[in-house]
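Here is a short report for a first look. Keep the sequence and the 3D view side by side as you read.

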Amino acid sequence: MSNNSINILDIKNIEVMYDNVILALHDVSLKVPKGKVVALLGANGAGKSTTLKAVSTMLASERGKVTKGSIDYDGNSIEKQNPSQMVGLGMVQVLEGRRCFGHLTVEENIISGAYSRKLSKGDIDQELEKIYSYFLRLKERRKSQAAFTSGGEQQMIAVARAMMAKPKMLLLDEPTMGLAPQLVAEIFNIVKELNQKEGVSILLAEQNTNIALKNSDYGYIIETGKVMLEGTAESLLNNDKVKELYLGISKKGRKNFRDVLKEESLNKKIN
Amino acid sequence: MANELLFFMEVLVGGLLAGTMYSLVALGFVLIFKASATFNFSQGAMVFFSVLAFCGFMQDFNIPFVLAFILAAFLMVVVGLCTERLVLRPLMNASEDTVLMATIGLGYVLEGLAQAAWGVEVRRLDLGIGDFPVPWIADNLKLFISALDITAGLVAAIMIIGLFLLFKYTKIGLGLRAVADDAGAASSIGIPLKHIMLLVWSAAGVVALVAGMMWGARAGVQFALVDLALKALPVLIIGGFSSIPGAIIGGLIIGAVEKILEVYIGPFFGGAIEGWAPYVLAIFFLLYRPEGLFGEKIIRRV
């Protein structure tokens, strides 16, 4: 079925539970328009990874379950799908922490991404060359064992591997975690390039609010399993509350969104 | 002096070749350990089940050797299929310990099924290869080496080369190595875990069949094969649970060491130390090199 709507991903009011008792997401709704980059921002434990795993249907392997709401990908519900079917439909997740296959070479890692596609040897080589044109650094290291590459290279391997599955949409879970600023910029440049040249829609979970928003079209901020704020990347970057809470431009100590909202409503009452 | 050296060589070569029989059994364990990080306690039962079925096909139905082998191998693929569908898939998100317990249960089911289908008496298996010294080698090299041992060595070598090629150069082999490294990441890029599980369980089944045929030809096809497979445990502790070369070399070491100890040190203990000497060796490995000779180094962050 073709999808004429402008959103490739449409999450409506989902609630997620782990082990039938732990409520990880209360109420998350978000949309990813086709061909756009959307950032999902929030602190540790806010529910970013859980949201991504709900979309890629990888929750089941962690005993998680979407208990309310709906997720539509490319116009169809993903309810009955499993992770390998989702990859077949063009939705690939790059897991948090890179998760390369350490004993495989860099090139074997990347080729493994094409597992779900039926490609001849020649096709694979052609695809590889295309992938290497984005990840020049990996081409030099193609014969090295992945476990012995640097953190930045491993992140590139993980993204390159996902690209090998020819995704329509990528879910990136904290791609810059633990990387030096220079590498963070390099990774984001590649992500942006993949988005523009390959037309891949991207949902990006990040803690690195500033650089994530600078490379996105739209952003959602979640806290304790709830969407607290959303808007275009530009509007979020210029939002005073976001500046104060997530960009570290503040006179006072750390607060979270709930405190700010509470303060605001108090102020309203006083006025 | 020359005679003593010759005798030592004979013990050593005999031991090494006998060790390949252990290697064959250990190979089955490694395959499954690689894919699911579980020690498959039913491997011994799979050896017994497969070779008993093979004997049954040959002796009860008069099916020729090659066809009986193909049928038995096919049966093991079916067993792999059922195991994946009925045992592994429902336990997909369960802990490794749960899967371990399930393999013990699976072992009992296979033992029971085998005996229900083919009877409980010991069967003789004649592969047409005698378990006696090869005259040509005895004449020319003055070594007394059993033809069955040599065959087992050759068969083990062929299987290892076959498995190596399968893992290194095929797509499904790449998938298997990916799953062995990180099953979660493998599933995130669309490698279907159930296909990989089916592959390893079938391969382990066929390896069990070959190992069973070798052991059955030597010791008779009987229930004791189940326990004999546990000899693979010290082999794996020495070689490393996740390494195919480790299984081979571990088997060779166990085979050689137990024969040498039996001949030279055995008399001081009143003989028959072959049965427990490998376990003593295994304990030393557990103390000083728990990952085995070729196992993946166990890295833990402190």
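## Chain B: overall form

The C-alpha trace of chain B spans about 65 × 60 × 35 Å along its principal axes.

This is a predicted model: local features need pLDDT of at least 70, side-chain atom pairs count only at pLDDT 80 or more, and totals for chains, interfaces and linings use all residues. Residues are numbered from 1 along each chain as its sequence is written, while chains are lettered from A and ligands numbered from 1 in the order in which they are written.

## Chain B: make-up

Chain B has 13 helices and zero strands. Helices (H or I, at least four residues) and strands (E, at least two) are DSSP runs, numbered from the N terminus. In chain B, 46% of the 302 residues count as buried. Buried means that 20 or more other C-beta atoms, placed from the backbone, lie within 10 Å of the residue's own.

Two residues are in contact if their C-beta atoms, placed from the backbone, lie within 7 Å. Take the contacts in chain B between residues at least 6 apart in sequence: 74% of them join residues at least 24 apart.

## Where chain A meets chain B

Chain A brings 26 residues to the contact, and chain B brings 16 residues. Helix 2 (83-88), strand 6 (91-94), helix 3 (106-112) and helix 6 (151-163) of chain A each supply at least two residues of the side that touches chain B. Helix 2 of chain A gives the most, with four residues.

## Two domains in chain A

An automatic or database domain assignment sets the domain bounds. In chain A it gives domain 1 (9-101 + 167-235) and domain 2 (239-271). Their C-alpha centres lie 26 Å apart. Each domain of chain A puts seven residues into the contact between them.

## The largest nonpolar core

A nonpolar core is a set of buried Ala, Val, Leu, Ile, Met, Phe, Trp, Tyr and Cys residues joined through C-beta atoms within 7 Å. The largest one has 172 residues, and those with the most contacts inside it include A:L204 and B:V200. Helix 9 (residues 193-219) of chain B gives the largest share, 18 residues. Domain 1 and domain 2 of chain A both give residues to this core, so it lies between them.

Leaving aside neighbours within four places in sequence, A:L204 is in contact with residues including A:V37, A:L172 and A:S216.

Technical notes. A residue is buried if 20 or more other C-beta atoms lie within 10 Å of its own, exposed if 12 or fewer, and partly exposed in between; C-beta atoms are placed from the backbone.
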